Amino acid sequence: MSPTLSPASVPILHIEGGVATITLNRPAQRNRLENADLKALLAHFDTVNRDAAVRVLVLTANTSGQPRPVFCAGYDIGGFDEPGHGSTFFEEIPDALAAMRPVTVCALNGSVYGGATDVVLACDLRIGLLGIEWRMPATALGLHYYPSGLQRYVSRFGLAATKRAFLTARPFTDRQLEALGLFEALVGPGDWAATQQALVRDMLALAPVAVQDTKQSIREIEAGLGDVARMREREQRASQSADFAEGRAAFAQRRAPVFTGR
């Protein structure tokens with residue numbers, strides 16, 4: 001399922017062919033997130049955002065050697081005892097991920113728990129592995145979840161499923177998650193690599209500036225900050241771009257477009 005990465009470490013960043021891949025890499029600890037991991041993730045997000053060649057970010061996990069694959073067991077609650085950390089610091093990670101310039105995909109190749117569920121929700125798209133489990137135990141631990149995480153849950157899960165997640169702390173099965181429309185695809189190990197590659201390939205084939213501007217407009221609308229004038233500017237810029245001219249020509253000639261980001 002995941003590349004064998006050794007030894008255990010903070011998340012690993014690999015960039016190739018316009019795609020950045022961040023891999024959680026503590027499989028023996030079920031990829032729990034320690035404060036050092038959170039700091040590394042923020043640094044990786046900054047690196048990816050500054051690299052204009054990166055158009056897609058894939059977030060996944062090393063599940064090598066696990067008897068049952070776990071993408072992430074959540075935040076190491078021992079981190080709450082470190083000054084300046086805890087839920088307020090953790091909240092920075094999904095918030096930063098949600099604001100990323102490239103399109104983000106969570107390749108959810110194992111079960112996910114706690115705060116890591118919000119990291120998954122912060123991605124634009126998700127593919128899931130058959131048989132995984134999802135659980136949000138905040139109230140079972142005596143925690144009130146942070147505001148942006150609750151907002152993301154309501155936005156992605158809907159109100160009823162969010163209430164179930166937080167007010168019962170019961171797990172969700174893969175099929176329950178699929179019924180919520182959470183996944184672009186839900187597949188078994190044999191189809192995993194091909195499914196992920198096909199999704200990334202389709203996104204790389206799109207006009208890069210149009211995708212990034214459209215993503216930004218969607219984020220603003222979701223946050224209740226949609227500015228029609230600003231979106232009209234983006235629309236006008238796209239309609240006058242070389243990429244739109246190429247897209248129209250390719251459509252007329254029944255060929256695949258070759259976009260340049262201009």
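**View 1. Glu92, a partly exposed residue in a predicted model.** At 40% relative accessibility, Glu92 falls in the partly exposed class, because that class sits between buried (under 20% relative accessible area) and exposed (over 50%), using a 1.4 Å probe and protein chains only. Glu92 belongs to helix α2, residues 87-98. Helices here are DSSP runs of H or I with at least four residues, strands are runs of E with at least two, and both are numbered from the N terminus. Glu92 and Arg170 lie 78 residues apart along the chain, with 26 Å between their C-alpha atoms. This is a predicted model, so local features need pLDDT of at least 70 and side-chain atom pairs pLDDT 80 or more, while totals for chains, interfaces and linings use all residues. Residues are numbered from 1 along each chain as its sequence is written, and side-chain values use heavy atoms, with hydrogens and water left out.

**View 2. Helix α7 and its two faces.** Trp192, Thr195, Leu199, Val200 and Met203 are the buried ones in α7. They share one side of the helix, since their arc around the axis is only 125°, judged by the directions from the helix axis to the C-beta atoms.

**View 3. What sits over the buried side of α7.** The cover includes strands β2 (19-24), β3 (56-61), β5 (103-108), β7 (125-129) and β10 (185-187). Contact means heavy atoms within 4.5 Å. Across the whole protein there are 10 helices and 10 strands.

**View 4. Phe157 in the largest nonpolar core.** A nonpolar core is a set of buried Ala, Val, Leu, Ile, Met, Phe, Trp, Tyr and Cys residues joined through side-chain atoms within 4.5 Å. The largest one has 60 residues, and Phe71, Leu97, Leu108, Trp134 and Phe157 touch the most other members. Leaving aside residues up to four places away in sequence, Phe157 touches Leu121, Trp134, Arg152, Thr162, Phe172, Leu177, Leu180 and Leu182. In soluble globular proteins, nonpolar side chains tend to be buried together. Zooming out, 44% of the 262 residues of the protein count as buried.
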